[in-house]
Amino acid sequence: MLVEFDLIQKAQQGDAGAFNQIVSAYRRRIMGTISHVIGRPEDVEDVAQEVFIRLYFSLGQLRTAEVFEPWLYRLTVNASYDYLRKSRRRVESRMADLSEQQVMMADAVAGSRAQSEETEKRRVRDTVQELLSTVSEEDRILLTLKEVEGLSLKELEKIYNVNENALKVRLFRARQRVLKKMKEVTGPSSFSAKHEEAE
Amino acid sequence: MKRQSEKRGIMISNKPMEQEDSNELRLDKMFRAYLAACPIPEASANFMPALWARIEAREVSTNWFGRVAKMLVTAALAASVILGLMISSINQSSSFFNGTFVEALRADHQSTLEPLHLDRISQLEPE
């Protein structure tokens, strides 16, 4: 844990300074998670503030130190989910709109060093965002936390408060859907050639 | 090379293994590339002041809604008390429902029923 439970207790009693310290300690981590989940750097700060507002108003309910981090993650998941629901900007532009070239470019970045790094990074972001938009917001967040953030199943179990098997099934299905879309766009043969090239 | 699917403890069936492996690897690679491609934005200098401003704004709106809700509850209680009092006073003042239906009928038709009174009939009997 990045802060002592004493600090949390002080914040619970209305100590604004203690709350500021908690925010400062977790801000970067929370903003990183939000950035990966929503994929829109310009909105990350806004969603992060929403997370900390929710933390502020629900801090009084916290009883034990060990649940603080899973709980903060849950607030982050919920705020990101609300953001994604509100801004269904890309729902209509699903994988059908994703050109093969776009995916191939993303592959190229994943496999080798690209010339113009920033442009390529943007393409990777857009491609993965588009791939993730083929699953529900809930699955998208879950998949991002597991595959991008690298959270373990145990950690996810605490955040979602569901058993490991249910999570495995859900992750598997979401991943399969993303894989299917990825294959639909490029096809297995074109990828194999590209992959071998990259290897 | 260990299969990704085995690592996940999940069976993948009906597909050539190599192709599945390569697709799984490809997706993993894309996720790794995505992690590297997603910048973690630095919080602006205005982050904390804006956060506190939003907290205060929400506190104000929460208090306002709380006050309105309290007022509505009080008004509803007052209205129900007034209505209760009105209904009870109407019941008391009305004689409409006093007594049974038969009693009310008898009161209304006292004169019509008079000849049938036993005392009158008894008077007609021969001594």
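Helices here are DSSP runs of H or I with at least four residues, numbered from the N terminus.

A note on the model: it is predicted, so I keep local features to pLDDT of at least 70 and side-chain atom pairs to pLDDT 80 or more, while totals for chains, interfaces and linings use all residues. Residues count from 1 along each chain as its sequence is written, and chains are lettered from A in the order in which they are written.

Entry one, a helix pair. I found A:Tyr26, A:Ile30, A:Thr33, A:Ile34, A:Val37 and A:Ile38 of helix 2 of chain A meeting A:Leu72, A:Thr76, A:Ser80, A:Tyr83 and A:Leu84 of helix 4 of chain A. By type, this contact holds 8 nonpolar, 3 polar and no charged residues (nonpolar: Ala, Val, Leu, Ile, Met, Phe, Trp, Tyr, Cys and Pro; charged: Asp, Glu, Lys and Arg; polar: the others, Gly among them). I then looked up the axes, which come within 10 Å and cross at roughly 35° (lines fitted to C-alpha atoms over the stretch in contact, with angles from 0 to 180 degrees between N-to-C directions).

Entry two, the neighbouring chain. I see 37 residues of chain A in contact with 27 residues of chain B. Helix 2 of chain A gives the most to chain A's side, with 8 residues. That side divides into 19 nonpolar, 9 polar and 9 charged residues.

A:Asn161 sits in the loop between helix 8 (153–160) and helix 9 of chain A. Its phi is positive, about 60°, although it is not a glycine.

Notes. Contact = placed C-beta atoms within 7 Å. Helix = DSSP H or I, 4+ residues; strand = E, 2+ residues; numbered from the N terminus.
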